[in-house]
Amino acid sequence: MIYLDHNATSPLLPEARQAWLEASEKYPGNPSSPHRLGARADNALNEAREKLAAMLSCHAAEIVFTSGATESNNTVLHHAARGLPQDGQVWVSSIEHPCVIEPAQFYFGKRLRLVPAGRDGVVELDWLERELKRARPALVVVMAANNETGALQPWREAQQLCRAREVPFFCDAVQWIGKLPSRGLGACDWVSGSAHKFGGPRGMGFLKVPASLSLVPLLRGGPQEETRRAGTENVAGVLAMVAALDAREKQIAANEAAVAEKLRDAFERKLIDALPGSEIVAAKSPRLWNTVSALMPEADCQQRWVVKLDKLGFAVSTGSACSSGKEEPSHVLRAMGYSSADAGRVLRFSAGWETAAKDWNALLAALESINAKRTPRAEKAVEKSAAIG
Ligand code: PLP
């Protein structure tokens, strides 16, 4: 199987596996226990916290370990709902992951405002700048890189705009971390990350919280994580996550993106030539080096293409893993101004550190062969969608 679904989850890196195995043997104690085995586990946890904080450019005390980004993101929205002014609004970019948008809708209802994004897949900074002059929300949320299109977001600029107005800023950096340098992300008040998106174990993540904040915890119980997140810490998971990120940061520093981007761009050019009617989403925007979001030349077809590609040995996706399988068109593409019909023909190919030119070429050949076998009914659908524009 050629795996092109890294934005959904990535394979465990050998460094992470090794760290997990070692930690499982070396630290059998519960970090909260009063004996030496507990203290040893606690020290290992705190060393990992220091290391992660250094990679993100923040303080170790600002890191809370969680079960993944869904928990981290829910924690932020929960805190905002309980700990910030009752009449405060939250402004959330319209292209965020559902695990940001749904809790924002749940906790804030009519007090949620969506920050628009353009056809280029990028959040509109001008809108944010203008609106911040008129009102002061309790929280602004802009992700670092979009999981469906790969489009990089102006999180640094958004953070600065918010800082200037003393508005808390939250960045879901799940798709950025492990693909681009994490350095500097700690400048945001809140940052979430997820280990399994960068070669760490599943069910492991973190949240960077503002310094000296009294967090309203989502999970209540024991005093773990300075009472910010109850539950026995997953020591081996934390150590494996930090080992994975350390390994990824070294590859990033070795200029991995430049090489990978060339392969990806060559594939996109060939795809457009080989499949008339196809289109690359956010083609002109700076994007993650691994992500291709492409409209196929056939209406309402994405599941069929995914199944056919699967039979030919390719694991690809229709968008975010959480929404695939659902019938609704991608809210990200809809927010970018695509029609439901066009959003229904999107496929996402998300490569990884192991993806080579031959993998992209094989995918192209598979797409061409599927396209060549399209039925006359499908051809009619193409003509119809072209006529609608
Ligand atoms: N945020 C983004 C941008 C994501 O892409 C994902 C997963 O697809 C998540 C959050 C959720 O992460 P987790 O699987 O760790 O809950």
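Analyst: Let's begin with contact, which means heavy atoms within 4.5 Å. This is a predicted model, in which local features need pLDDT of at least 70 and side-chain atom pairs count only at pLDDT 80 or more, while totals for chains, interfaces and linings use all residues. Residues are numbered from 1 along each chain as its sequence is written, and side-chain values use heavy atoms, with hydrogens and water left out.

User: Which elements do the buried residues of α10 pack against?
Analyst: Helices (H or I, at least four residues) and strands (E, at least two) are DSSP runs numbered from the N terminus. For α10, the buried residues pack against β11 (314-315), α12 (340-343), β12 (346-350) and α13 (357-372).

User: Which residues of α10 are buried?
Analyst: Buried means under 20% relative accessible area, exposed over 50%, partly exposed in between (1.4 Å probe, protein chains only). In helix α10 (residues 302-311), Q302, W305, V306 and L309 are the buried ones. Viewed down the axis of α10, they fall within an arc of 100 degrees (taken from the directions from the helix axis to the C-beta atoms), so they line one face of the helix. After α10 comes G313, with a positive phi near 100 degrees.

User: How do α1 and α8 pack?
Analyst: Axes are lines fitted to C-alpha atoms, for helices over the stretch in contact, with angles from 0 to 180 degrees between N-to-C directions. Angles under 35 degrees count as roughly parallel, over 145 as roughly antiparallel, 65 to 115 as roughly perpendicular and the rest as oblique. Helix α1 (residues 14-26) packs on α8 at about 150 degrees, with the axes 8 Å apart. That makes α1 roughly antiparallel to α8.

User: And how do α2 and α8 cross?
Analyst: The axes of α2 (residues 36-56) and α8 (residues 235-253) come within 10 Å and cross at roughly 30 degrees; α2 and α8 are therefore roughly parallel to each other. The α2 residues A41, A44, L45, A48, K51, L52 and M55 meet V235, V238, L239, M241, V242, L245, D246 and E249 in α8. By class, this contact has 12 nonpolar, no polar and three charged residues (nonpolar: Ala, Val, Leu, Ile, Met, Phe, Trp, Tyr, Cys and Pro; charged: Asp, Glu, Lys and Arg; polar: the others, Gly among them).

User: Is T75 buried or exposed?
Analyst: T75, found in helix α3 (residues 69-83), counts as buried at 5% relative accessibility. Not counting residues up to four places away in sequence, T75 touches L207, L215 and L218.
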